[in-house]
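The entries below are in the order I made them.

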Amino acid sequence: MEIILPLEIINNMPWVWLGIAVVMTVIEGLTMGMTTVWLALAALICMVLAFIMPSATAQIVVFLVLSILMLIFTRPLAVRKMNMGKEKTNADRLIGMNGIVQIPVSADKPGQVKVAGQVWTARPEDPKSVFNSGDQVQVIRIEGVTIIIAKPAE
């Protein structure tokens, strides 16, 4: 199957590939998703191939194959290397730790709990639970700057 393109485009395929690479690079710069950068690299390779391989069909096939292979095999490595996705914080280590209620906590009125030497705003996981000053609680999760607490596991 031969892809039929206008003669003007076929004669300028290196510039077409360069244009695609620039557009993909701009999109990558705007999104930072580590997705279109691989398409930009494939387009640059195809730009070089366009000088030695005149078939537009072959160039498009090479572009598609390279793009797919780079997306499948190199993107996960690059994302892992750049540690994208979840932003890690030291607060995550508080989950599962026990703390002491400083100011009574209820669903109607968030209180304060001291965990690992820091005082946090706290709400109960169960809306029916009420914790009084001095009660020991366990951190279930963190929502923003508020810890969600429950009775500690026995």
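The notes start with the ground rules and then go from the helices to the strands and the salt bridges.

**Ground rules**

I am working with a predicted model, in which local features need pLDDT of at least 70, side-chain atom pairs count only at pLDDT 80 or more, and totals for chains, interfaces and linings use all residues. Residues are numbered from 1 along each chain as its sequence is written, and side-chain values use heavy atoms, with hydrogens and water left out.

**Entry 1: annotated spans**

I looked up the record. UniProt, in an unreviewed entry, puts the annotation "transmembrane region" on residues 12-30, 37-54 and 60-78.

Residues 12-30 are 95% helix and 0% strand, with end C-alpha atoms 27 Å apart. Residues 37-54 are 89% helix and 0% strand, and their end C-alpha atoms lie 25 Å apart. Helices here are DSSP runs of H or I with at least four residues, strands are runs of E with at least two, and both are numbered from the N terminus.

UniProt also lists "domain: NfeD-like C-terminal" for residues 91-151, again from an unreviewed entry. In the model that span is 0% helix and 51% strand, and its end C-alpha atoms are 20 Å apart.

**Entry 2: the loop between helix 2 and helix 3**

I looked at the loop between helix 2 (13-31) and helix 3 (36-52), where Met-32 is found. Met-32 has a phi near 55°, a positive value in a residue other than glycine. Met-34 is in the loop between helix 2 and helix 3 as well, and its phi is also positive, near 55°.

Is Met-34 buried or exposed? Met-34 counts as buried, at 12% relative accessibility. The classes are buried under 20% relative accessible area, exposed over 50%, and partly exposed in between (1.4 Å probe, protein chains only).

**Entry 3: a nonpolar patch**

I noted a nonpolar surface patch of about 650 Å², made by Val-61, Leu-64, Val-65, Ile-68, Leu-69, Ile-72 and Phe-73. Patch residues have over 30% relative accessible area and no salt bridge; nonpolar side chains (Val, Leu, Ile, Met, Phe, Trp, Tyr) are joined within 5 Å, like charges within 9 Å. Areas come from the Shrake-Rupley method with a 1.4 Å probe, and for residues only the protein chains shown count as cover.

I picked out Leu-64, which sits in helix 4 (residues 56-73). Leu-64 is partly exposed, at a relative accessible area of 47%.

**Entry 4: the barrel**

In what order do the five strands close into a barrel? The order is 1-2-3-5-4, with mixed pairing. From one strand to the next the twist averages 55°; angles run from 0 to 180 degrees between N-to-C directions, on axes fitted as lines to C-alpha atoms (for helices, over the stretch in contact). Two strands pair if DSSP finds at least two bridges between them.

I went through three of the pairings:

- Strand 1 (residues 98-103) and strand 2 (residues 111-115) run antiparallel and are joined by three bridges; Ile-103 has Gln-112 in strand 2 as its bridge partner.
- Strand 1 and strand 4 (residues 136-143) are antiparallel with three bridges; Ile-100 stands opposite Gln-136 in strand 4.
- Strand 4 and strand 5 (residues 146-150) are antiparallel with five bridges; Ile-142 has Ile-147 in strand 5 as its bridge partner.

The hairpin of strand 4 and strand 5 has two residues between the strands, and Gly-144 there takes a positive phi near 65°.

**Entry 5: salt bridges**

How many salt bridges does the structure hold? I found three, each a side-chain nitrogen of Lys or Arg within 4 Å of a carboxyl oxygen of Asp or Glu.

Arg-123 and Glu-143 meet at 2.7 Å, N to O. Arg-123 lies in strand 3 (residues 118-124) and Glu-143 in strand 4, so this pair ties together parts that are 20 residues apart in sequence.

Arg-141 pairs with Glu-125, the closest N and O atoms being 3.4 Å apart. Arg-141 is in strand 4 and Glu-125 in the loop between strand 3 and strand 4, 16 residues apart.

Glu-143 also bridges to Arg-141, with the closest N and O atoms 2.8 Å apart. Through shared partners, Arg-123, Glu-125, Arg-141 and Glu-143 form one network.

Arg-123 is partly exposed at 32%, as are Glu-143 at 35%, Arg-141 at 34% and Glu-125 at 40%.

Terms used:
UniProt positions are given in the numbering used here, feature names are shortened, and annotations may be inferred rather than shown by experiment.
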